[in-house]
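Here are some questions about the labels used for this model. Each answer sets a value against its cut-off.

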Amino acid sequence: MPKRTDIKKILIVGAGPIVIGQACEFDYSGTQACKALREEGFEIVLANSNPATIMTDPEFSEHTYIEPLTPEFITAIIEKERPDAILPTLGGQTALNIAMKLYESGTLAKYNVKMLGADYEVIKKAEDRGCFKKAVLKVGLDVPRSAFAHNLEEARKAAQEIGFPLIIRPSYTLGGTGGGFAKNMEELEKVAPLGIESSMINEILIEESIVGWKEYELEVMRDCKDNVVIVCSIENLDPMGVHTGDSITVAPAQTLTDREYQMMRDASLDIIREIGVETGGSNIQYAINPENGRMIVIEMNPRVSRSSALASKATGFPIAKFAAKLAVGYSLDEIQNDITKETPASFEPTIDYCVVKVPRFTFEKFPEAKDILGVQMKSVGETMAIGRTFKEALQKGLRGLEIGHIGLDNKLNYKDISDEKVQKRLEEPNASRIFYIKYAMQKGWSSEKISQVTGIDIWFIAHMAQLLDFENELVSMQKKNGQISDKLLRKAKEYGFSDPQLAEILDITDLQVRQLRKEKGITATFKLVDTCAAEFEADTPYFYSTYETEDEASLQIQKISSGKKKIMILGGGPNRIGQGIEFDYCCCHASFALKDMGYETIMVNSNPETVSTDYDISDRLYFEPLTFEDVMNVIDVEKPDGVIVQFGGQTPLNLAQRLNEAGVPIVGTSVANIDLAEDREKFSALIHQLEISQPPNGSANSVEETIEIAGRIGYPILARPSYVLGGRAMKIVYDQGALLEFIKEAQEVSPGKPVLIDKFLEDATEIDVDAVSDGTQTFVAGIMEHIENAGIHSGDSACVLPPPSIPENIIKEIKETTCRLAAALNVVGLLNIQYAIKGRKVYVLEVNPRASRTSPFVSKATGISLAKIAAKIMVGAKLADFNLSYEHLSQLQYFAVKESVLPFSKFSGVDIVLGPEMKSTGEVMGIAPTYGEAFAKSQIGAYQSLPKEGKIFVSVKDEDKREAVHLAKRLIDMGFSVVSTGGTAKVFRSNGIAVVEIDSSNQGKDTFSNLMTLIKNAGIALVINTPSGESSQYDMRSIRAAAILHNVPCITTLQGAWAAVGGMEACKSKAFTVKSLQEYYKLRDCEKIAS
Amino acid sequence: MPEELLRFSKRITMNDAILFLEDGTHFLGQSLSHVGETAGEVVFNTSITGYQEILTDPSYAGQIVTMTYPLIGNYGVNEEDIESDKIHVKGFVVKEFCRVHSNYRATQSLIDYLNTNKILAIEGIDTRALTRHLRLKGAMKAIISTEDFDLASLSNKIKDVPAMDGSDWVGQVTTKDPYVWKAEKAKYKIAAIDCGIKFNILRILNKLGCDVHVFPASASMDEINAIKPDGLFVSNGPGDPSAVAYVIELLKKFIGKLPIFGICLGHQMLGLALGGKTYKLKFGHHGANHPVKDGLTGRIGISSQNHGFCVDVESFGDGEVEIVHTNLNDQTVEGIRHKKYPLYSVQHHPEAAPGPHDEQYLFARFIEMMEEQGA
């Protein structure tokens, strides 16, 4: 069936801010969809609140709305744009939920907007547990056995019928209390009565437990003609009980016979047809009992998902792109397989390699949270590795995680770990279990025992045992002969051992290992990802490294021989807090810009969620870990004319020095100048020379020196390790005891590197500047004022552009200083500087001669693509070529607010107070004609809507009390009532402000629970709580935690509170307007011409 | 070293081995404990799962099979997933054999299975490079040896290896004596000409209510008529269809007399019996992911494929034969039917094993033909 002609304008809804469970895979799918549908001539309206995405680039759609993703705002966009259809299946759960609500409210019907991909009934059938279960049973498939019970007798009977182990879930309880697990009748007799009692209707659901079963996933696509294909099968290494996003997963499925695999395939076909997903991709999850093969259907997502991004990268089959084409009427056989160019998309990819995905966790950012894994996802990113064997892919994946492991290595000495600890780390799924499996083996545990304790299939364990076994062989040969044979060295590389791993074994440096193996002709070969296991010719520019006989990359390079100059871009690796989608945005833009200039671009990255790892983006893609060795292997085969290290965040920057030493041509700001900016001492000297102010500081190499410097500067100080991103381990330290604790952590995070100490400027205003420079001229593109105090990591702080409260002369000083610093550092490319303003004095806090987290935000807010300009400058263009003017930026007729989104609700027990270590996972942008409106939009976009009425809890530190009086007055004028604690309440009362007081003395436990109850019962609509000093911060912890748990916005600075007041005023006064970026830019350009 | 580790380090005895191709290309690897020399045509199969079915598929007689998926043996072998009573491949080429398999149905490891059946298998091969080579140069003869590493000598030997085209391989795999697979509730009686029939065809026909009387390929018309069949089935099998003249002649006699259904080699022989021509494909279709379009419904099925020869679309002159199924990858013929007579045949494998079950519905079309004939 050809393309539908009844629709012309399509609304695509994105996924909003990056949160745990919904990351940049939806930027990948949304970007693909925009491209695919514009290719077909459709007019695209795009809505997404996340400015760091590539899909929100104005080039990717006709109408780009960076607006909050709520039904209200999407309705406003629909009202304005009148699209013919909405495509809700590419923007994660967010887009799906919004589309459902718009259908339910009648909005879609009112404006005659059709749902593409899946309609209301289909989504409901797939998402509603009851409906889904019914559908599954209808097609003759299995679900977990279960029964209801109302008394112990019934419970016993049900248990006998179902069989142990069992999960007991009381019906209608708050927060799942009273549930439990029963392995036998005795346990059931304990758990069941409790459950029945805690249920409001005295009912429990007794369900068979499938924890520990094998977990699988199939990616399915269906077209309007009912053709269905399976794109990929995935097997989880971690068994049922760990969220699939937190599991190490492998593609394709390894331990299914064809008979079992086809049974699963048949089931998927039956389910997608029964549910009725009309077109597009879905994934279906299964559990298999390892004892008898019994297959249970767990759930289905009737949309593209994180797994479909993974499946696309794992196979080369672009699910989202095809889903978009299917949604507008094409059938699979009418779409060409991009890769072979001669066969249709109506086939099933087959692969001739093994893919391993490893989740990346950041528990180190939340020391109070346990790193135990369960059914709620906790990982913030992932890396994917491709190898010819599982062993190779696993080792590549582990070193690609960038958490200090160089493979399945010996980071800890197994002898130092107790048996109890090993037992515990194996039993309870956790972030480092994979390494403890090795320690257990080293301690002599059998594979069978490890498999039994962990529930991980023996197949995986046995491969790990093979790796250890081989490692032992290497060690003993080295011991015996003082060297290892060529044959064994080659085998080691085939097994995925990294040069640093071999260096440890051979007791030489990794460079020497590299030298040694190159002498012996043991070099990496690159293989193509081609969807068809080499059955058809393919020119896909998508490679992975392995150690085999034939190198296809050099064959392809030879064949193409475009004669163009080549630039290689190093990506950012797995997402983590502090390094995410923003850097992928910059890498993609560099690729676009350089292609535009006639360069051949080469992307190296290991993150399957990203747009940069779409084989469509660059001329060639290498899916590789971002380590020195792996990058050098690509450089050896590509011999690029230039390598860009300043766009992928800290990951490539950390490699810059070594690449430089290896003679790699790094373009842009020189490595020496990057180092000059990073090295505190050298940098301080420079600052001094330029006569710029900097908070008193020092850099220490020993514990004694650290204490000495801190004493000299005076507490509080800001202490941090060097060479880290996202403020890793950075702390505001109030005394020596805390300082010693900090030093210990700093050594772990950045071993051997100096510790940096700054005087902490309390209550200063922080400014972020993004600029681009060609070495002589500098353009300051964005000056952002932080809404939070200095001392809160810039990545967590809300900020606004243009700065509303900074006087003209200070702005001027900031611009001049930025230009002087850029010149002094000879910056060629991007530059980010953080300033603090205290008492009208400007201090430089930090200079980063690289892409910053705010680069995409500034680009979206101003319409100037910073990364593109910077990339062009790096290869020789001059600023003058771009016709940029400073003036229009100061005349912006709108405000853009960036607000961060925090993951606290996922980590129970963690205090939500912000500090110098970054904790947010994502960001949103609010853009509007007034500051208040823009702030309010940013809050709504971050899903913490500001209240229009109700009680506001205010409790502030002493320094803030005076200003809080003004704030409280204003709140009362606006019709809110104020609730407060002792000190603050007293100040309010003495200033004539009506306040409800709550006792917050240390004994006032009951009062806290009162407050929690207040918040719970939605009596409190907003919390304003500014904590002071480290010790008293703990007092209010439960308040903030309760606020987060109950989704009540919580503001921790007075600046934030004032911004909120502005926002609430905007909310109350009138309805919000929506405007596309294209309209804003047009407005700006008109102003420019007028002026 | 802990005992468990010793178990893994207790390596299966490995021997250096060579895979030598007709054009002089060679790959070095290791054989499993079975040693010696074997020769045949080397083909690649792109199925990820189903190695046991592939090994026991009689259509692979005379061939050395290389699996494009690099990890083979993951789920061991079992008693059920066999497609005939023995392994038919002449040799087996993989990247890595699995040392510790895992599956609840497994009764033996693949390595043991190959060793006990004395199949020469070689691992440690860059199977992707081999596959690319075969795609570019076409399927060719090959030798696996653990004894002779002399390239000149291997080059000489390979000249004597019989080619697939022009020779009759059916005679080597067909049953000596007729046998019957009885259905639980039989409605139809089918005569099946065994050119290398896969068990799954028998399983499916049984399930559909057919008693299947399996005849040697050399059976006569009278022998077959003696059981008074409702339909005739002609099976898959190895080699060149044009070399099996006796079956083609037999089929000619039955066309128009009995409902006939053919699969793979059977389809090719029916094509020849109807006056068409066949030709050898460059590197054949061997895998489980080929899209096939049914011209009657427009539906696309993902099919299991295993053939080196193909029926020529252009060769049916008089318009009595209708092309019903087409391969969407290369537009080759995937299925035909006769406009007047109850005759239907397909190039791919609706019985799958291994592969997707999308095309299984074709067996029902055979049943329909018999029904229409008033069986």
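Q: Which residues of α9(B) are buried?
A: Helix α9 of chain B spans residues 245–254, and B:V247, B:L250, B:L251 and B:F254 are its buried residues.

Q: What covers the buried residues of α9(B)?
A: The cover includes three helices of chain B, α6 (170–173), α8 (221–225) and α10 (265–273). It also includes the strands β11 (188–194), β13 (231–234) and β14 (260–263) of chain B.

Q: What follows α9(B)?
A: B:G256 follows, with a positive phi near 90°.

Q: Why is B:L265 called buried?
A: B:L265 has 31 other C-beta atoms within 10 Å. The cut-off is 20 or more, so B:L265 counts as buried. This residue lies in helix α10 of chain B.

Q: Which residues does B:L265 touch, leaving aside those up to four places away in sequence?
A: B:L265 touches B:S59, B:C195, B:G196, B:N236, B:G237 and B:P241. B:P241 is 24 residues away along the chain, yet the two C-alpha atoms are separated by 6.2 Å.

Q: How do you know that the buried residues of α26(A) line one face?
A: In α26 (residues 703–713) of chain A, the buried residues are A:T706, A:I709 and A:A710. Seen down the axis, they fall within an arc of 100°, so they line one face of the helix. On the other side, A:E704, A:G711 and A:R712 are exposed.

Q: What covers that buried face of α26(A)?
A: Among the covering elements of chain A are β23 (697–700), β24 (717–721), α27 (736–749) and β26 (755–759). Just after α26(A), A:G714 takes a positive phi of about 95°.

Q: What makes α26(A) oblique to α27(A)?
A: Their axes come within 11 Å and cross at roughly 140°. Only angles over 145 count as roughly antiparallel, and 65 to 115 is roughly perpendicular, so α26(A) is oblique to α27(A). The crossing is right-handed. A:V703, A:T706, A:I707 and A:A710 of α26(A) meet A:Q736, A:L739 and A:I743 of α27(A).

Q: What pLDDT does chain B average?
A: The average is 94, and 96% of the residues score at least 70. Over residues 1–10 of chain B the pLDDT is below 50. Low pLDDT means that predicted coordinates should not be read in detail. For the complex, the predictor gives an ipTM of 0.96 and a pTM of 0.94.

Note on methods. Residues numbered from 1 in each chain as written. Chains lettered and ligands numbered in written order. Predicted model: local features only at pLDDT ≥ 70, side-chain atom pairs only at ≥ 80, totals over all residues. pLDDT = per-residue confidence, 0-100. Contact = placed C-beta atoms within 7 Å. Buried ≥ 20, exposed ≤ 12 C-beta atoms within 10 Å, placed from the backbone. Helix = DSSP H or I, 4+ residues; strand = E, 2+ residues; numbered from the N terminus. Arc of directions from axis to C-beta. Axes fitted to C-alpha atoms, helices over the stretch in contact; angles between N-to-C directions. Parallel < 35°, antiparallel > 145°, perpendicular 65-115°, else oblique. Left-handed = near helix turned anticlockwise from the far one by under 90°.
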